[in-house]
There are 2 protein chains.
Amino acid sequence: MYIEQPMRHFLDKLASKSPEPGGGSVAALTGSLGAALVSMVANLTLGKEKYKDVQPQIEQLLGESEKLRQEMQDLIQKDTEVYGGLSEVYKMPKSTDAEKAARTAKMQEALKLACQVPFEIGLKSLDVAKLALRAAEIGNVGAVSDAGVAVLLAQACAQSAALNVKINVNSIKDEAYNRETWTRMQEVLKQVAALEKSVMELTYQKMG
Amino acid sequence: MYIEQPMRHFLDKLASKSPEPGGGSVAALTGSLGAALVSMVANLTLGKEKYKDVQPQIEQLLGESEKLRQEMQDLIQKDTEVYGGLSEVYKMPKSTDAEKAARTAKMQEALKLACQVPFEIGLKSLDVAKLALRAAEIGNVGAVSDAGVAVLLAQACAQSAALNVKINVNSIKDEAYNRETWTRMQEVLKQVAALEKSVMELTYQKMG
């Protein structure tokens with residue numbers, strides 16, 4: 001698993017012509033970093049006298065951000081796995097009409113699976129942005145810039161996920177699926193962009 | 001060095017209340033990922049018959065993106081080091097007026113040093129964005145979404161770096177330095193935002 005290997009290994013392999021890790025894994029890593037920063041703000045607020053009124057909310061925030069971080073970290077790997085699945089289908093024989101039909105059917109299945117991962121990453125980026133807002137609102141003001149960075153990463157994660165959804169949607173023949181997936185993705189992008197604006201305004205305001 | 005340790009270690013420590021790694025290191029990592037994706041697009045274009053006319057430019061792009069990636073990777077660590085330096089100054093004695101004066105002077109030095117690192121990260125994010133544009137323009141069209149993700153990361157890197165410049169500028173008493181640094185940072189943000197817009201338009205256009 002990439003996450004257990006040195007960070008340099010991930011960066012080196014990303015830079016290479018190896019098909020994975022790719023943009024989807026990077027989106028998930030970006031989201032993981034955002035969730036981690038929310039946890040950091042929560043941890044820097046926990047047990048502080050000045051923030052005693054919000055301790056239950058901070059504990060809840062930390063629970064949610066750590067759960068989300070774990071899910072995002074899992075998606076780093078999951079994106080490389082569905083990519084591997086897609087590569088297997090590419091290798092299927094296509095000499096006879098029956099083989100071609102079987103390959104096309106399998107390909108459509110694999111593409112939907114490959115689309116689902118960045119779609120999930122996109123949905124979770126919205127959660128990161130929501131948690132970043134709460135961190136900026138109630139967290140230690142000395143760490144508010146970290147809540148700001150968290151929302152910037154959520155935004156990059158959302159937009160990167162959308163690009164990776166788009167790649168797959170372009171090859172999927174199920175128009176209803178494509179329309180529904182892409183419409184939902186656009187809604188997520190709008191919501192994340194609105195949260196990014198709010199959190200950045202609040203961050204700069206609190207930083208003075 | 002963080003980059004030689006498992007990625008999980010960086011994420012875990014980031015999520016903790018440990019003062020480092022913080023937003024600056026995350027900005028540098030984000031920029032490193034962006035540079036790595038430019039390299040990936042270049043590597044997927046290198047030696048391809050369809051792109052034989054741009055091989056010299058692609059080789060140059062790869063050279064530049066790999067150099068930039070190395071510099072960004074170094075800044076991940078450098079940001080934690082200047083933070084350490086600042087922590088040392090905080091521990092200096094402040095009982096007598098002479099001690100206070102010495103501490104204040106050292107603090108101002110350390111703050112400028114701590115400001116210089118995210119400032120450099122910000123400047124380099126502009127280079128990542130410029131290389132992402134070239135990758136989107138001349139690189140393998142099958143990897144154009146990766147050039148898109150690269151520019152999104154450059155944008156998140158620039159804005160995160162700016163937040164970390166702002167923290168330091170707020171405590172530095174040299175007004176001329178602050179004005180110059182912050183003005184330059186704002187210019188970088190504008191240029192990166194313009195590049196992000198161009199690359200994203202081009203990416204979606206090329207993806208169809």
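## Where the two chains meet

Met7(A), Phe10(A), Leu11(A), Leu14(A) and Ala15(A) of helix 1 in chain A come up against Leu29(B), Ser32(B), Leu33(B), Ala36(B), Leu37(B), Ser39(B), Met40(B) and Asn43(B) of helix 2 in chain B. Contact here means heavy atoms within 4.5 Å. Sorted by class, this meeting of helix 1 of chain A with helix 2 of chain B involves 10 nonpolar, 3 polar and no charged residues. For that sorting, Ala, Val, Leu, Ile, Met, Phe, Trp, Tyr, Cys and Pro are nonpolar, Asp, Glu, Lys and Arg are charged, and the others, Gly among them, are polar.

A word on the model itself: it is predicted, with local features needing pLDDT of at least 70 and side-chain atom pairs counting only at pLDDT 80 or more, while totals for chains, interfaces and linings use all residues. Residues are numbered from 1 along each chain as its sequence is written, chains are lettered from A and ligands numbered from 1 in the order in which they are written, and side-chain values use heavy atoms, with hydrogens and water left out.

How do the two helices sit against each other? Two packed helices are described by the angle between their axes and the distance between the axes. Helix 1 (residues 7-15) of chain A packs against helix 2 (residues 23-43) of chain B at an angle of about 35°, and their axes are 7 Å apart. The axes are lines fitted to C-alpha atoms, for helices over the stretch in contact, and angles run from 0 to 180 degrees between N-to-C directions.

## Fold and core

Chain A has 6 helices and 0 strands; both kinds of element are DSSP runs numbered from the N terminus, helices being H or I with at least four residues and strands E with at least two. The C-alpha trace of chain A spans about 75 × 40 × 25 Å along its principal axes. Of its 208 residues, 57% count as buried, that is, under 20% relative accessible area, with exposed meaning over 50% and partly exposed in between (1.4 Å probe, protein chains only). Among contacts in chain A between residues at least 6 apart in sequence, 76% join residues at least 24 apart.

The largest nonpolar core holds 152 residues, and those with the most contacts inside it are Phe10(A), Leu33(A), Ile121(A), Phe10(B), Leu33(B) and Ile121(B). Such a core is a set of buried Ala, Val, Leu, Ile, Met, Phe, Trp, Tyr and Cys residues joined through side-chain atoms within 4.5 Å. Setting aside residues up to four places away in sequence, Phe10(B) touches residues including Met7(A) and Leu33(A), along with Pro21(B) and Ile76(B). The peptide bond from Glu20(B) to Pro21(B) is cis, with omega near 0°, and Pro21(B) lies in the loop between helix 1 (7-15) and helix 2 of chain B.

Thr45(B) belongs to the loop between helix 2 and helix 3 (55-90) of chain B, and it counts as buried at 0% relative accessibility. Its side chain reaches the backbone nitrogen of Asn140(B) at 2.9 Å, a polar contact being a pair of N or O atoms within 3.5 Å; within protein, one must be able to donate a hydrogen and the other to accept it, and residues adjacent in sequence count only if both atoms are side-chain atoms. Thr45(B) and Val141(B) are 96 residues apart in sequence but 8.8 Å apart in space, C-alpha to C-alpha.

In chain A, Asn140(A) sits in the loop between helix 4 (97-138) and helix 5. Asn140(A) is buried, with a relative accessible area of 15%, and its side chain reaches the backbone oxygen of Leu44(A) at 2.9 Å. Asn168(A), in helix 5 (residues 144-169) of chain A, is buried at 8% relative accessibility. The side chain of Asn168(A) reaches the backbone oxygen of Asn164(A) at 2.8 Å.
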